[in-house]
Amino acid sequence: MAGYFTVLLLSRNRPTIYLDNFNIVSLRNTSSSSTNTAIYLELRIQNENSWIGIYYEDPLNLTITYLQSTISTGSNVIIERSTIKGFYQGNGEVKHIQASVVIQDLFSSTERPRRLGETNVIMYGPSKMIDFVVDLEADIKFKSIENKRSHLTMQSTVEVSDNTGTSVLKTIQMKYTSGSNKWGVWRWVLAVPLVTLIQGLLSLAFLLAFLFLAFVSLL
């Protein structure tokens, strides 16, 4: 029982982060021919640890990239690099962060008619997907005596309907660009045999001490 409790305390899981309600709205500028595009999204950050809190160091870095419908990856447009103020998240808590950005003339003149929510299929063709990439970087520390800082990098690809301006999937789990969410798995694998070995050695030590005292008492 003590061994499993020790393993539980050793386990550390990275937060699970969801991208919710990603949507875009095109706003016509009546004073000029330009068009402003507003992008709204919400981050839902979930601390999966039942016994330990997480410090998110200031700042967290959020990047939104528009993937233009061309073959060249060099045509991708980084439309926003913003920062999120650091915070503390208690064990098992969920944090909601809302973000928005307005950018001028995001879409080219050939794309713009279809990006304004026009639904006339004959004039503008069938509805298509608009692709975005959302990146998040954060430095975290667990509330423990380890005081070890870890750098997290996450990314999500978002498909948005150019007819509705909303994400095809209402909720998207952001993926870590390396490693796994479950840091605690390896500590379980290593800690269980280690704790069992320590308990066995302690039991053997007590047995030897008992036998030694019994032998001494017979002298």
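Is Gly165 buried or exposed? At 8% relative accessibility, Gly165 counts as buried, where buried means under 20% relative accessible area, exposed over 50% and partly exposed in between (1.4 Å probe, protein chains only).

1. Basis of the note. The model is predicted, so local features need pLDDT of at least 70 and side-chain atom pairs count only at pLDDT 80 or more, while totals for chains, interfaces and linings use all residues. Residues are numbered from 1 along each chain as its sequence is written, and side-chain values use heavy atoms, with hydrogens and water left out.

2. Gly165 lies in the loop between β9 (149–161) and β10 (171–173); strands (E, at least two residues) and helices (H or I, at least four) are DSSP runs, numbered from the N terminus. From Gly165 to Ser26 the C-alpha to C-alpha distance is 8.5 Å, although the two are 139 residues apart in sequence.

3. Strand β4. Of the 8 residues in β4 (residues 60–67), 6 are buried, which leaves the strand mostly covered. β4 runs antiparallel to β5 (residues 77–84), with 7 bridges between them; two strands pair if DSSP finds at least two bridges between them. Leu62 has Ser82 as its bridge partner in β5. β4 also pairs with β8 (residues 129–142), again in the antiparallel sense and over 7 bridges. Here the bridge partner of Tyr66 is Phe132 in β8. In a regular strand, side chains alternate between the two faces of the sheet.

4. β8 and β9 run antiparallel and are joined by 13 bridges, with Ile140 opposite Ser150 in β9. Their hairpin has 6 residues between the strands, and Asn147 in it takes a positive phi near 55 degrees. β9 is also joined to β11 (residues 175–176) by 2 bridges, and these strands run antiparallel. Met154 stands opposite Tyr176 in β11.

5. Aromatic pairs. Rings of Phe, Tyr and Trp (its six-membered ring) pair if their centres lie within 6.5 Å; planes under 30 degrees apart count as stacked, over 60 as edge-to-face and the rest as tilted. The count by this rule is 4 aromatic pairs. In one of them, the ring centres of Tyr55 and Tyr88 are 4.7 Å apart and the planes stand at 45 degrees, so the pair is tilted. This pair links distant parts of the chain, with Tyr55 in β3 (residues 54–56) and Tyr88 in β6 (residues 87–89), 33 residues apart. Tyr55 is partly exposed at 35% relative accessibility, and Tyr88 is partly exposed at 37%. Tyr56 and Phe87 form a stacked pair, 4.4 Å centre to centre with 20 degrees between the planes. Tyr56 in β3 and Phe87 in β6 are 31 residues apart, and both are buried. Phe22, Tyr66 and Phe132 form one aromatic cluster.

6. Charges over rings. A charge sits over a ring if NZ of Lys or CZ of Arg is within 6 Å of the ring centre and within 35 degrees of the ring normal. The charged end of Arg14 is placed over the ring of Tyr176, 4.0 Å from its centre. The charged end of Arg12 sits over the ring of Phe142, 6.0 Å from its centre.

7. Helix α4. Leu207 belongs to helix α4 (residues 184–218) and is partly exposed, with a relative accessible area of 45%.
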